[in-house]
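Please have the model open as you read.

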Amino acid sequence: LRARLFDGNRSYGLLQKLLKYDIVNNLFDYYGGFVFQIDANFGATAAIAEMLLQSHAGFIHLLPALPTAWATGSVQGLRARGAFTTDMQWSNGQLTEAVITSDKGNQAQVKTAAFADGSVNVVKVSDNSAVPFSQSGDLITFSTQAGSQYRITVSASNTISVDDRVTGTGQNQFNYAGAGWQSCTNCGADLYAGTNSWDNTA
């Protein structure tokens, strides 16, 4: 339930409590130390899977309830509705790469927080050809072919945001100095005081 609420840290805490107090040496769950409960074993593995992937809402949601304790990691073979299998890697709590195998050629809709802030690329694994996709915030959509694999990579965006309110004698002003935007006071002709974001290019 906590994973469905996207509460990764609480999910992790409950999992740790289960392992500490109810799991014995053979990894069976014995409630109170003497009553075997198979539903707790099944529930624990289901919870781990749902912390990493959910698809009940009609799209493949990657890392929906990732706890801070699992900031960097990887997983293989997670199944999603629509006949998809997903392998993925993440770092610093954000997805870096996912490989999605399409069994039936259904349209893939994939969501993760990193898509909203990063640069997304999708290629077909067999020939490394670019795959067109549409994007709306943290959700991307692309067509698939049965039996094909698709690699999604995410890299950090070069766009930065600033407080561009110019006050006094030049506070919060920026100029381009060849290698990137830098703050300055009374920058003169190179003064920037426009929108709240730009790419790190002239």
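Met88 stands opposite Ala98 in E7. This is a predicted model, where local features need pLDDT of at least 70 and side-chain atom pairs count only at pLDDT 80 or more, while totals for chains, interfaces and linings use all residues. Residues are numbered from 1 along each chain as its sequence is written, and side-chain values use heavy atoms, leaving out hydrogens and water.

Strands E6 (residues 84-91) and E7 (residues 94-102) run antiparallel and are joined by eight bridges. Strands here are DSSP runs of E with at least two residues, numbered from the N terminus, and two of them pair if DSSP finds at least two bridges between them. Two residues lie between the strands of this hairpin, and Asn92 takes a positive phi near 50 degrees.

E7 also has a partner in strand E13 (residues 149-156): the two run antiparallel, with five bridges between them. Follow Ile100 across and you will find Tyr150, its bridge partner in E13.

Now look at Ser102, which also belongs to strand E7. Is Ser102 buried or exposed? Ser102 counts as buried because its relative accessibility is 0%; buried means under 20% relative accessible area, exposed over 50% and partly exposed in between, with a 1.4 Å probe and protein chains only.

What does the side chain of Ser102 meet there? The side chain of Thr144 joins it in a polar contact of 2.8 Å, and a polar atom of the Ser102 side chain lies 3.0 Å from the backbone nitrogen of Gly105. A polar contact is a pair of N or O atoms within 3.5 Å; within protein, one must be able to donate a hydrogen and the other to accept it, and residues adjacent in sequence count only if both atoms are side-chain atoms.

Key:
Helices (H or I, at least four residues) and strands (E, at least two) are DSSP runs, numbered from the N terminus.
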